[in-house]
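Please read this note beside the model. The points below can be taken in any order.

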Amino acid sequence: MAEQPQPISPVRNFFAGGFGGVCLVFVGHPLDTIKVRLQTQPKPLAGQSPLYSGTFDCFRQTLIREGVRGLYKGMAAPIIGVTPMFAVCFFGFGLGKKLQQRNPDDILTYPQLFAAGMLSGVFTTAIMAPGERIKCLLQIQAASGEIKYGGPMDCAKQLYREAGIRGIYKGTVLTLMRDVPASGMYFMTYEWLKNILTPEGKSVSDLSVPRILFAGGMAGIFNWAVAIPPDVLKSRFQTAAPGKYPNGFRDVLRELIREEGVSSLYKGFTAVMIRAFPANAACFLGFEVAMKFLNWIAPSL
């Protein structure tokens, strides 16, 4: 059984979740760029070497060709989206918990926390899908050498001109397939680790910074262990030319398995796992710090 935090406040969770999301993007975006470039690199022709031999080679080539700024390509889109997205994410988790409580003092089981986390994944997809589409396109264009988009807004305008709102929301089903189960794992793992790391007789709200960082970082790793295969499919589908995959993710999956084997579903695994711990540790620490600050300055908010 899990010890529940104090009743959720949508306003406090909006600001605290947004701040946690900004912390996550700043810490994790460089390795997210590496992950997307590894996932979307073209299959080499016979006798040719792949564009990147691995995570560290991609990191080195990006630094040499584009400098540190290259690692932060496409960051504006997730930064613009993180405040409402993480606000909705943390609010959705709280709502999911409330819907399963018969009384405000009920303590939820871990499967119930998993279900609450899955609801948060549904809530965030409306914001996440277009942001991910724009981010992926901006991240790969520098690597390809063809500069088509001048930035996030220009990318959104061109996508809308070419295919309407469907073009901006391309990959929504795959985003749901990634985020719903992964979000369940994310929040359940964080709550579970917070509880087992809390010394006997103490409250989870008094957990030390190193323990919050550890719980948040491990939650990120468990989240991505579930999310990587659908994330690979999503990145490939969202950056493909129009009409390449008429049957959606099924065509992407068939092509990847046929041409590159099952291991292709774990492209970018090293970059994801290196990024997952520090980025999500920063996210949850940012959220907890912001919540404590808001509880102090505006307890009635």
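Notes on the predicted model

1. The sulfur of Cys 23 has its closest cysteine sulfur in Cys 283, at 7.6 Å, which is too far for a bond. A disulfide is a pair of cysteine sulfur atoms within 2.5 Å, and the structure holds zero of them. Cys 283 is buried, with a relative accessible area of 0%. Here buried means under 20% relative accessible area, exposed means over 50%, and partly exposed is in between, with a 1.4 Å probe and protein chains only.

2. On conventions: this is a predicted model, in which local features need pLDDT of at least 70 and side-chain atom pairs count only at pLDDT 80 or more, while totals for chains, interfaces and linings use all residues. Residues are numbered from 1 along each chain as its sequence is written, and side-chain values use heavy atoms, with hydrogens and water left out.

3. The structure holds 13 aromatic pairs. In one of them, the ring centres of Phe 187 and Phe 284 are 6.3 Å apart and the planes are at 90 degrees, so the pair is edge-to-face. Phe 187 lies in helix α7 (residues 172-197) and Phe 284 in helix α10 (residues 269-297), so this pair ties together parts that are 97 residues apart in sequence. Rings of Phe, Tyr and Trp (its six-membered ring) pair if their centres lie within 6.5 Å; planes under 30 degrees apart count as stacked, over 60 as edge-to-face and the rest as tilted. Helices (H or I, at least four residues) and strands (E, at least two) are DSSP runs, numbered from the N terminus.

4. Which residues do the ring pairs link into a cluster? They are Phe 86, Phe 90, Phe 93, Tyr 186, Phe 187, Tyr 190, Phe 284 and Phe 287. Phe 187 is buried at 1% relative accessible area, and Phe 284 is buried at 0%. Phe 284 also pairs with Tyr 190: the ring centres are 3.7 Å apart and the planes are at 15 degrees, so the pair is stacked. That pair links distant parts of the chain, with Tyr 190 in helix α7 and Phe 284 in helix α10, 94 residues apart. Tyr 190 is buried, as is Phe 284.

5. Lys 170 lies over the face of Phe 237, at 5.0 Å from the ring centre. The criterion for a charge over a ring is that NZ of Lys or CZ of Arg is within 6 Å of the ring centre and within 35 degrees of the ring normal.

6. Helix α6 (residues 152-168) deserves a look. It has 17 residues, but its end C-alpha atoms are only 11 Å apart, short of the 24 Å that a straight helix would reach at 1.5 Å a residue. The expected span of a helix is 1.5 Å times one less than its number of residues. α6 bends by about 110 degrees at Glu 162, the bend at a residue being the angle between axes fitted to the seven residues ending there and the seven starting there. Buried residues in α6 include Cys 155, Leu 159, Gly 164 and Ile 168.

7. α7 has 26 residues and reaches 36 Å from its first C-alpha to its last, close to the 38 Å expected, and α7 bends by about 25 degrees at Ala 182. For the 12 residues of helix α2 (residues 55-66), the end C-alpha atoms are 16 Å apart, which agrees with the 16 Å that α2 should span.

8. In α2, Thr 55, Asp 57, Cys 58, Gln 61 and Thr 62 are buried. Seen down the axis of α2, its buried residues fall within an arc of 165 degrees, so they line one face of the helix. The arc is that of the directions from the helix axis to the C-beta atoms. On the other side of α2, Phe 56 and Ile 64 are exposed. Gly 67 follows α2, and its phi is positive, near 75 degrees.

9. Helix α5 (residues 110-144) holds Ala 126, which is partly exposed with a relative accessible area of 45%. Thr 125 is also placed in helix α5, but Thr 125 is buried, with a relative accessible area of 5%. The C-alpha atoms of Ala 126 and Gly 261 are separated by 31 Å.
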